Amino acid sequence: INRNPSVGAIVGNMSFGDIGQLLGVTLASGIFGFWAGKPMRRPNGYLCASLGFLAGALVAYENSTARLMGYRPNAGECSRYGLTFPTKDEIPSRNWGITNDSWFRKA
């Protein structure tokens, strides 16, 4: 949909699955940190939860970016913006390896 999305567009495009993944990784990391850090359970739990939040946020950001740029399935995003993403059959074979893709952009 967009080859150079802004940060606001990427964050605004995050799905419930991305947010759920972020929260799930944060929760699992915090529980693991509490379980594994026997002498100082609470600080280790907080540290691991913080690292898990960072990891989950990066993965959610990457997934949202990949959907916006067309590297992952994005039927929901295309229908939301009123676009039809071309399939490989619709793209001329001479253009498969070309990075300048302005020939099929709608924007």
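In helix α3, the buried residues (under 20% relative accessible area, with a 1.4 Å probe and protein chains only) are Gly-45, Ala-49, Gly-52, Gly-56, Ala-60, Asn-63, Ser-64, Thr-65, Ala-66, Arg-67, Leu-68 and Met-69. Helices here are DSSP runs of H or I with at least four residues, and strands are runs of E with at least two, numbered from the N terminus. This is a predicted model, so local features need pLDDT of at least 70 and side-chain atom pairs count only at pLDDT 80 or more, while totals for chains, interfaces and linings use all residues. Residues are numbered from 1 along each chain as its sequence is written, and side-chain values use heavy atoms, leaving out hydrogens and water.

What covers those buried residues? The cover includes α1 (7–12), α2 (16–36) and α4 (75–81). As for α3 itself, it runs over residues 41–69, and its 29 residues should span 42 Å at 1.5 Å a residue (that is, 1.5 Å times one less than the number of residues). The end C-alpha atoms sit 41 Å apart, which agrees.

Now look at Arg-67. Its side chain meets that of Asp-18 in a salt bridge, 2.7 Å from N to O; the cut-off is a side-chain nitrogen of Lys or Arg within 4 Å of a carboxyl oxygen of Asp or Glu. Arg-67 belongs to helix α3 and Asp-18 to helix α2, so the pair ties together parts that are 49 residues apart in sequence. Both Arg-67 and Asp-18 are buried.

On the surface, Val-7, Val-11 and Tyr-61 make up a nonpolar patch with about 250 Å² of accessible area together. Patch members have over 30% relative accessible area and no salt bridge, with nonpolar side chains (Val, Leu, Ile, Met, Phe, Trp, Tyr) joined within 5 Å and like charges within 9 Å. Val-7, in helix α1, is exposed at 53% relative accessible area, the cut-off being over 50%.

Stepping back, the protein chain has 4 helices and 0 strands, in the order α-α-α-α. Of its 107 residues, 27% count as buried. Among contacts (heavy atoms within 4.5 Å) with a separation of 6 or more, 61% come from residues 24 or more positions apart. The chain exposes about 7,500 Å², and carbon and sulfur atoms supply 64% of it; accessible areas come from the Shrake-Rupley method with a 1.4 Å probe.
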